[in-house]
Amino acid sequence: MEENWDTEIETEKPTYVPNFSTLETENTDNYSAYSNNDINNQNYDSERSFGNRGGYRSERSRPSNFNRGSRTERGRGRGFGTNRNDNYSSERDVFGDDERDQRRGFPGRGGYNGNEDGQKPNAFRGRGGFRNENEQRRGFGERGGFRSENGQRNFDNRGDFGNSGEEEDRPRSYGRGGFNNSDTGGRGRRGGRGGGSQYGGYKGRNEEVGVESGKSQEEGNEKDEKPKKVTYIPPPPPDGEDNIFRQYQSGINFDKYDEILVDVTGKDVPPAILTFEEANLCETLRRNVARAGYVKLTPVQKHSIPIIMAGRDLMACAQTGSGKTAAFLLPILSYMMNEGITASQYLQLQEPEAIIIAPTRELINQIYLDARKFSYGTCVRPVVVYGGIQPVHAMRDVEKGCNILCATPGRLLDIVSKEKIGLSKLRYLVLDEADRMLDMGFAPEIEKLMTKPGMPTKEKRQTLMFSATYPEEIRRLASNYLKSEHLFVVVGLVGGACSDVAQTVLEMRENGKMEKLLEILKSSEKERTMIFVNTKKKADFIAGYLCQEKFSSTSIHGDREQYQRESALWDFRTGKCTVIVCTAVAARGLDIENVQHVINYDVPKEVDEYVHRIGRTGRCGNTGKATSFFNVQDDHVIARPLVKILTDAHQEVPAWLEEIAFGGHGALNSFYAADSMGEQAGGNAVTTPSFAQEEEASWD
Ligand SMILES: Nc1ncnc2c1ncn2[C@@H]1O[C@H](COP(=O)(O)OP(=O)(O)OP(=O)(O)O)[C@@H](O)[C@H]1O
């Protein structure tokens, strides 16, 4: 069912514009572990079985003999609840309109979200689930869920927080909302009121698409439920030059970018430029670049800017965090300035000169903010539209004028089919994270867009694709949308990991992961850390658990409402929360200052995703580290490509990983045998519930 763009939102529906400016970074320390005391006291009582953590864990590691290849480019020389301070309650800080919150089913109704006043959290009673006071209302599953291998329940043998067998059969059930921060406060079973796509319910692979184009009904929502209207209006981004040009420092390895080999495939390659001066940007753009703190071009910028300025189509591949966004924004803006694009004016049908597409809402918003930064003081007007925000609001914003439209694919299709956006003036079409945009998840939407009436043919537009990874088959597919004489710029190796990230892979059984995680976090408490898991439930589970363990944590995933996602990201960006637990939705593109550590609590199923995930750290010449918990049983398939990634990035490859990668079945079997012995030995170790069946198949 399509969102009705023409209908005004009913006035009694809560439509709240939160004001981020009320959330000062200075207050960020207010979030503190103590704020979770109530949770700690209420849950996971001391009976939890948290002992005997050992078990078999081989972390054997020796320098690898694996052939490191003939790399020629440089190498590295080497909420939950409780009170207002925690992550989930931080939504209250930001969006803290109690009455509305209640209407929207924020805290009060339901699990996890805590109460407003720091008294006994009602988050853990009533419908809220996630409780352990008694078993009558079982919240997050009293049935069986969440036992350790020896049959005892972990955390609490009364079953709180468990992932009940009953719920397992129903992917969207979270008990009666306990711990469910995904929809309107965790009210209902099976996702209850969260069924509407705009509420972030499970959407299958194409959540963004589903959200925006209304496909979500088929893709995971309750069939008999009408989707809810999206009422969320995001706060306007902070204004003022200081905010617009806020930029973090490039790191000590920034200059080393120059040592990376660049390969350009194609005919008549325009020569690279070496300095911003050579780019011949107009005065305003030059000033903006300087204000943004950019002094030197990165390699992808050196090559891409002249190629785009020469009117060529481009597929560019460069490592994460190396400045691909500016590589396409600056030449596009330069063209617009040189063409003397007139200030766009209020019109019901806007005809942008450039459309930029990215797969997730947070990423497209970030790109929009970059576009706003570089176009500051010009008459070029960038606009952003994405799922999860009130369509009427987005439409109004577009009507005010739009030269550059930043959009997620589904919402873009909607807005084009509603004839709010025309394509006749389109000169630039940019696919950021292009491989993701062209893979099975988004390919149908992209195809639809490319064949929309009015879409200029590839001969008449300039198509630009950027990513850090390009699987072979995607490259082939991409050429359908690019002119035959397009150029392919590769900085370093296609799909290579950022060489400024020190990677560690630990062999880890499931029930050793939590203990290891806590150990890591305790030893690096102030470090801004992103933890990746493969399922949405697990993201919540771990964030909740970490809150209890007094780490200021939040989570982001596709089951959270948009305001929650934005709030979580904001809390993480501002330092209010030092830990964010994420699914793949946060794997690509997000540029967050000073992320020091990425932990793959679950190793992703595809190595490209691994590359993007660990690329959230070590950006712009800064160094970072990534630690991955490799569970042989679940992750052996990725062993071989992972060894290649590590080797190419000149990282140490653990001997056991090589063995799994190249040792064939024999090696694997001996691991399984050892593993099952370890299971017996370490049966009491804390384990996370098995959420494997509810994998988040998409970014979002
Ligand atoms: N020439 C430059 N000088 C200084 N900082 C730069 C320069 N180019 C980009 N940056 C900064 O580097 C950071 C990473 O840039 P960006 O987000 O564009 O990386 P990316 O290559 O798109 O990464 P990803 O593959 O993760 O999407 C940003 O904070 C950006 O502002």
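Reader: Where is the place of Gln350 in the chain?

Author: Gln350 sits in the loop between helix H10 (324–339) and strand S3 (354–357), where helices (H or I, at least four residues) and strands (E, at least two) are DSSP runs, numbered from the N terminus. This is a predicted model, in which local features need pLDDT of at least 70 and side-chain atom pairs count only at pLDDT 80 or more, while totals for chains, interfaces and linings use all residues. Residues are numbered from 1 along each chain as its sequence is written.

Reader: Why does Gln350 count as buried?

Author: A residue is called buried if 20 or more other C-beta atoms, placed from the backbone, lie within 10 Å of its own, exposed if 12 or fewer, and partly exposed in between. Gln350 has 23 C-beta neighbours inside 10 Å, and therefore it counts as buried.

Reader: Which residues is Gln350 in contact with, leaving aside its neighbours within four places in sequence?

Author: Contact requires that the C-beta atoms of two residues, placed from the backbone, lie within 7 Å; with those neighbours left aside, the partners of Gln350 are Ser344, Val398, Glu399, Gly401, Cys402, Lys420 and Ile421. Of these, Gly401 is 51 residues from Gln350 in sequence, with 6.5 Å between their C-alpha atoms.

Reader: What makes up the division of the chain into domains, and how many residues are in contact between them?

Author: An automatic or database domain assignment sets the bounds, giving domain 1 (239–489) and domain 2 (499–663). In domain 1, 25 residues are in contact with 21 residues of domain 2, and helix H11 (361–374) and helix H14 (434–438) each give two or more residues to that side of domain 1. The largest share, four residues, comes from H11.
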